Amino acid sequence: MKISRIAAIASVLFGLVQAAVAQETPKAITIATEGAYAPWNFTTADGKLDGFEVDLANDLCGRMKIECKIVAQDWDGMIPALTVGKFDVIMASMFITEKRLKIIDFTQPYAVDPSGFAVAKDSELGKVGISNERFKLENEASAQAAIDKLKPLLKGKIIGVQAATANLEFVKKYFSDVAEIREYKTTEQHDLDLAAGRIDALFAQQTALAATLGKPEFSDYTLAGPGFVGGLFGLGSGAGIRKEDIKLKDMLNGAIDAAIADGTIKTLSLKWLKSDVTPVK
Amino acid sequence: MIDFSFFLEILPKLLAGLPLTIELALTSIVAGFVLAVTLALAQQSESPFVVLPIRGFVAVFRGTPLLVQIFLTYYGLGQFRHQLSAIGLWAVFREPYWCAIIALTLNTTAYGSEILRGAIQSVPRGLVEAARSVGLSTCLTYRHVILPLAFRQALPSYGNEIILMIKGTSLASIVTLMEVTGIAQGLISQTYRAFEVFICAGAIYLTLNFAIIRALAALEYWMSRHLRHRPSTRDAAS
Amino acid sequence: MVDAFRLLGFQHGGWGAALLMAASVTVLLSVLGFALGAVFGGLAAAGRLRNSKVLRFLALGYCTVFRGVPDLLTIYLLYYGGSVALTSLGHSLGGSGFVGVPAFATGTLAIAIISGAYQAEVYRGAYLAIDQGQHDAACALGLNRLQRLRQVIFPQLLSYALPGLGNVWQLVLKDSSLISVIGLVELMRQAQIAAGSTREPFIFYIAAALLYLAIASVTGHAFYRLERKAPWRVRSA
């Protein structure tokens, strides 16, 4: 006890946010999701959170045998809110990226899903249509070639993308010289603007785009071009946790391993996302 | 604890949003002022067909949050793309910039017209009658007597409204316009240093407000020059 | 129209109940924020009326900053900054772990701080409007400081302040919509969720606007009644 008291005081003195003390097994945790990224996570009419990640979170908690509370948190405040302890885990289709790893830690990925464009069917890019190719940003030459093919097709267009995402970093890095980029707080807002015709293209995870395009008012829109993974997009979607919660990380990793092994992630992903996003080890 | 190099790093980034903040505020304040004067004058009419719709407009825009008004103008009207295209207005409502300007303008019009209406009513009856008795037409009475007095009377309240409008432009960030607050939000999500970013952005707004307050004080001083004593040797001696 | 009734209805899949619940959160948030703001405002007004230069400077600084900075900025500052500050305070008291502040508490505090800055001006103006003779008369009656404040100054101050407070209340009600940005499900946030989920923003923002208007006019009327009833002088009890 005394040592942990000293450690706590020391952590203040040295300006640390929290010392790695008291690593007991957590009995109850709070998991945050965005609640506005269907079908990964969304809010229903009666105010309940639902979707792939909500089901998965409940499944993981069952495996870890701890009590879980799932709460909604705005995307752009997600990481600061985690670090100040408003909740313990983020499960909001957050990519495990270098930049984020400087601030928080992640479990292993529980889903890998490429990002791509959605555009009007009669646009230049729309006529090219969807390709099932996936480009890893680490393979710079081939990824750059794919990007160079897309560039002239998006010239002068307006691309809508959610703020504070790896998707935004990607379009900013590769397309800001040819297209105008608009940042939205939620993907639901850029969906509304695509339907309204204010923007010409969306860039997001392909599963989320596919779900959006499944709605009747988007019958004139299609996924287009290849999907991108790796690099800026990191290792895929993982559960975000504070760096010092080592015990929790181990527990979550174990539960994710089990959920991958017994096909739960595959089942849930086919149910919600209509394609298998299980990470390949 | 305070990291000055960080302030120096974010200040230029935040200042890059200042022109948009000023542009949004200036356009809506000027347009809103013109509309507010029009509505305040129209409210002097005796006809309920003129007065009641204006009262309704004022009540709705003063009784609902600016945030709702911006969302309604932007996302709400976005649903009516085809109808708006048909009457040629889609080009305006397509742009987040104009949607923000429209919402901000209508909002400040509602508040401004109430301020001006009150000020017009505060002009002493005797002055109006005096003006009429020397043969000034209604139009000239308004131009030379009522409006100048009403403007001076309204200036302090209108000054408050202008500051509220500057603050109101921060909501434009919610419809993708990257003004000072929008940039501040972006910086927080990149650096996770809410305190420093907001102190810096706050300082920009306070400086802007301070400049406006000084300008309005100078305007008020100029508008009340007839109320000041002319300096004379006798005054100085006593 | 049928669609609107279905979406705003109370049956399964309708958002009516959720919107009304959220509207009550808005009212609760505004009332608590306004009440706490009265404390801040009162203190700041007292500070500005004091002879102490330091107190005057602090009170003026508080009013200037929070009346001048966009409310959105203040809300973010408290939401993120507040937790960090509380957490390190918790540490210095020997605790480890995090102090999370729920969005409702942060929202209440934000509204209190912002409205306090506006309320301070109202109280100060009301205090200055009280005739000096009232102070003198109260002194002459031999009332002590507390009695003077409670029985003479305060009732008059309140009746002078009521119209101004009514304005601040309307401001608070509308400001409460900004708390939606920190994730508190009040009226605005609920309308946003519904608009995003059903892709019918127009209907839901109109519904939200009407609910705000209803709350504003009902409470505005209450303030008006209160003003009419307020005693100009101390009521003889």
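Student: Across the interface of chain C and chain B, how many residue pairs are in polar contact?

Tutor: The model is a predicted one, and a pair is counted here where both residues have pLDDT of 80 or more. Under that rule, the number of residue pairs in polar contact across the interface of chain C and chain B is 8.

Student: Which element of chain C gives the largest share of the side that touches chain B?

Tutor: The elements of chain C that give two or more residues to this side are helix 3 (53–68), helix 4, helix 8 (187–198) and helix 9 (201–229). The largest share amounts to 9 residues, and the element that supplies it is helix 9 of chain C.

Student: How do the residues on that side of chain C divide into nonpolar, polar and charged?

Tutor: The contact takes 33 residues from chain C and 35 residues from chain B. On the side of chain C that touches chain B, the residues divide into 22 nonpolar, 6 polar and 5 charged.

Student: What area do chain C and chain B bury between them?

Tutor: Of the area buried between these two chains, 78% lies on carbon and sulfur atoms. In chain C, the residues that lose the most area to chain B are L73(C), K174(C) and F202(C), together 21% of what that side buries. For chain C and chain B, the buried area is about 2,800 Å².

Student: Which residues form the salt bridge across the interface of chain C and chain B, and are they buried or exposed?

Tutor: The rule finds 1 salt bridge across this interface. It has an N to O distance of 3.1 Å and runs from helix 9 (residues 138–168) of chain B to helix 4 (residues 71–92) of chain C. The residues are K167(B) and D71(C), and both are buried.

Student: Why does the salt bridge of R63(A) and D262(A) tie together parts that are apart in sequence, and how many residues apart are they?

Tutor: The side chains of R63(A) and D262(A) meet at 3.0 Å, N to O. R63(A) is partly exposed at 27% relative accessible area, and D262(A) is partly exposed at 47%. Because R63(A) lies in helix 2 (residues 52–64) of chain A and D262(A) in the loop between helix 10 (246–261) and helix 11 (264–273), the parts tied together are apart in sequence by 199 residues.

Methods. Residues numbered from 1 in each chain as written. Chains lettered and ligands numbered in written order. Predicted model: local features only at pLDDT ≥ 70, side-chain atom pairs only at ≥ 80, totals over all residues. Heavy atoms only, no water. Salt bridge = Lys/Arg side-chain N within 4 Å of Asp/Glu carboxyl O. Helix = DSSP H or I, 4+ residues; strand = E, 2+ residues; numbered from the N terminus. Buried < 20%, exposed > 50% of the residue type's maximum accessible area, 1.4 Å probe, protein only. Contact = heavy atoms within 4.5 Å. Buried area = accessible area lost by both parts, 1.4 Å probe. Polar contact = N/O pair within 3.5 Å; in protein donor to acceptor, adjacent residues only side chain to side chain. Nonpolar A, V, L, I, M, F, W, Y, C, P; charged D, E, K, R; others polar.
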